[in-house]
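These notebook entries concern aromatic ring pairs and the surroundings of the rings. I set out what I looked up and how each term was applied.

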Amino acid sequence: MKSETAPTQRGRPRGFDPDAALERAMHVFWAKGYEGASLSNLTQAMRINRPSLYAAFGNKEQLFRKVLDRYMNGPLAYFGKALGAAKARDVIEQIFLGAANMPSDPRTPAGCLVVQGALACGDAAGSVRKEIAARRAAAKAALRRRLQRAKREGDLPPNADPAELSHYVMTVLHGMAVQGADGANQDQLRRVADIALRAWPKR
């Protein structure tokens, strides 16, 4: 009778941690953008070889989509949390301050992955650009729905337009992300947030 032996694992180096590798990939895409991040950059940072990358995450585009999921549920989680605030102004204040606090973590690249990831995407990366645009649009739509609720509850003045206000907030956020990528620190971005909040409609 033959003795049973465990199947040999192939394609992954010993000690390979997909979660840690995905975190490192997020930092590469965050710092370099989608097109700026080469497979060599990614495999070196993730500490795996190309076959392991393909086996665990798929191709570069599939890896980037997984990174986006991780980013939205990690560094950008403040946005979804802010939507649960009791008052509309608190929602916006928490969103702006969340963005302003991004540079406070020295372990993460500057700016915003969702904004920077598509800035240098050419035609070859059109699907990636569309994916990022769709995620930005989804965030804007979620904010618009929250402000529509605020208006129904009397938490915004009758003449306030939730669609225009959500567009305003997202425009400020994108500007703060660009400033952060250019080296603006937490205090500078908080001052931007304070000025932007002064324009918020009062009941």
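This is a predicted model: local features need pLDDT of at least 70, side-chain atom pairs count only at pLDDT 80 or more; totals for chains, interfaces and linings use all residues.

I looked up Tyr71 and found a relative accessible area of 0%, so Tyr71 counts as buried (under 20% relative accessible area, with exposed over 50% and partly exposed in between, using a 1.4 Å probe and protein chains only). Residues are numbered from 1 along each chain as its sequence is written, and side-chain values use heavy atoms, with hydrogens and water left out.

Rings of Phe, Tyr and Trp (its six-membered ring) pair if their centres lie within 6.5 Å; planes under 30 degrees apart count as stacked, over 60 as edge-to-face and the rest as tilted.

I examined Phe29 and Phe64: the ring centres are 4.8 Å apart and the planes stand at 75°, so this pair is edge-to-face. Phe29 lies in helix α1 (residues 18-36) and Phe64 in helix α4 (residues 60-73), 35 residues apart; helices are DSSP runs of H or I with at least four residues, numbered from the N terminus. Phe29 is buried at 0% relative accessible area, and Phe64 is buried at 1%.

I then turned to Trp30 and Tyr71, whose ring centres are 5.0 Å apart with planes at 80°, so the pair is edge-to-face. This pair links helix α1 to helix α4 across 41 residues. Trp30 is buried at 1% relative accessibility.

I noted that ring pairs join Phe29, Tyr34 and Phe64 into a cluster. Lys60 lies over the face of Tyr34, 4.6 Å from the ring centre (the criterion is NZ of Lys or CZ of Arg within 6 Å of the ring centre and within 35 degrees of the ring normal).

Conventions. Helices (H or I, at least four residues) and strands (E, at least two) are DSSP runs, numbered from the N terminus.
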